[in-house]
Amino acid sequence: MRIKINHAVNYICSVVLLCGILSCNKSIHTFGKTKIEKSIDSIYLKQRIAEIKGLNIDIFTKGSFKGTADTSIVYRLLKPKSTNRKLPLVIVFHGSNAVGNDNTSQLGILAKLFATDEIQAKYPTFVLAPQFPSRSSNYVLDHSRNVLTSAPQSCLTTALQLIDSLKNTLNVDEKRIYLIGFSMGASSVINALALKPAIFAAGISISGIPQFNQVNRLANIPIWLIHGNIDAENPFNSDKQFFEEVSYKNKTRFWEFDNLAHNDIFAPVILTDELPKWLFKNKRK
């Protein structure tokens, strides 16, 4: 289905139009592929992104973890205001521009989105944002498909060990552990789901490169792919091919954003509670 969101100047019309399309159109809530034309570029959108990016990072506590191979990883953790009941855990994987160990750079727009007051009020959840000391996923050409495929790196294994450690010490609902990531982090979402499918209930990959050697395993996991079709950094065709191969199980949804490049993808996606709403509908059996 192709959805067109026209340019608008009026703040109220912009919000109503976008929210109506994201929340009311039935095709958005089902699995399958949706093509969405370039969204509204308004003052409201820019203000909303600035609001999320401006969230005080002190609400995330600092931590560090050493894996079994003596690989260390730093992380930030947001704890919900009330933890007297088991709550979901959302793990946010960052892009390659945040690789390091300053324990700050990984707190991008996705981690902050899930930490905002409005999202936490509606969807209280633990938010874990590990920072990879090196690339968590690398890309190679899949010659049989003529598209890029991703391969997990050792620091991703350390992050998975960190998740195991925290879910045993926090009041986490182990049937509701979710992954979300952008760019390299989106690729690592797919890699992590392939490595540990029994842990996670669902994952969202935004502008990533998928993994093709575990297609049958990944087809059984609820995955939401989001990609701009003029992405020159992580080519769109990899996700397009991946969707074609996993969609036979009807557990994968795919939002193709028309005429959006790699770093432009967030504006039409993160304005509402659409990401957590979809994630939390999924629960591991």
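How many bridges join strand E9 to E10, and in which sense do the two run? Five bridges join them, and E9, residues 172-182, runs parallel to E10. Strands here are DSSP runs of at least two residues labelled E, helices are runs of at least four labelled H or I, and both are numbered from the N terminus. Two strands count as paired if DSSP finds at least two bridges between them.

Before going on, the basis. This is a predicted model, in which local features need pLDDT of at least 70 and side-chain atom pairs count only at pLDDT 80 or more, while totals for chains, interfaces and linings use all residues. Residues are numbered from 1 along each chain as its sequence is written, and side-chain values use heavy atoms, with hydrogens and water left out.

Now the overall picture. The protein has ten helices and twelve strands. Of its 285 residues, 55% are buried, meaning under 20% relative accessible area with a 1.4 Å probe and protein chains only; over 50% is exposed, and in between is partly exposed.

Back to E10, residues 202-206. Five of its five residues are buried. On one side these are Ala202, Ile204 and Ile206, and on the other Gly203 and Ser205. Opposite Ile204 of E10 stands Ile180. On to E11, residues 223-228: this strand pairs with E10 in the parallel sense over four bridges, and Ile226 in E11 is the bridge partner of Ile206.

E9, helix H7 (residues 184-195) and E10 form a right-handed β-α-β unit. Right-handed means that, with the strands pointing away from the viewer, the path from the first strand over the helix to the second runs clockwise.

Next, the cores. A nonpolar core is a set of buried Ala, Val, Leu, Ile, Met, Phe, Trp, Tyr and Cys residues joined through side-chain atoms within 4.5 Å. The largest has 43 residues, and Ile91, Phe93, Leu128 and Phe200 have the most contacts inside it. Helix H6, residues 154-169, gives the most to this core, with seven residues. A second, separate core has 38 residues, among them Ile36, Ile109, Ile204 and Phe280. Ile204 is the E10 residue opposite Ile180.

What does Phe93 touch, beyond its neighbours within four places in sequence? Its contacts (heavy atoms within 4.5 Å) include Leu156, Ala159, Leu179, Ile180 and Phe182.

Last, H6 itself. Its buried residues include Leu156, Ala159, Leu160, Ile163 and Leu166. An α-helix has 3.6 residues a turn, so residues three or four places apart point the same way.
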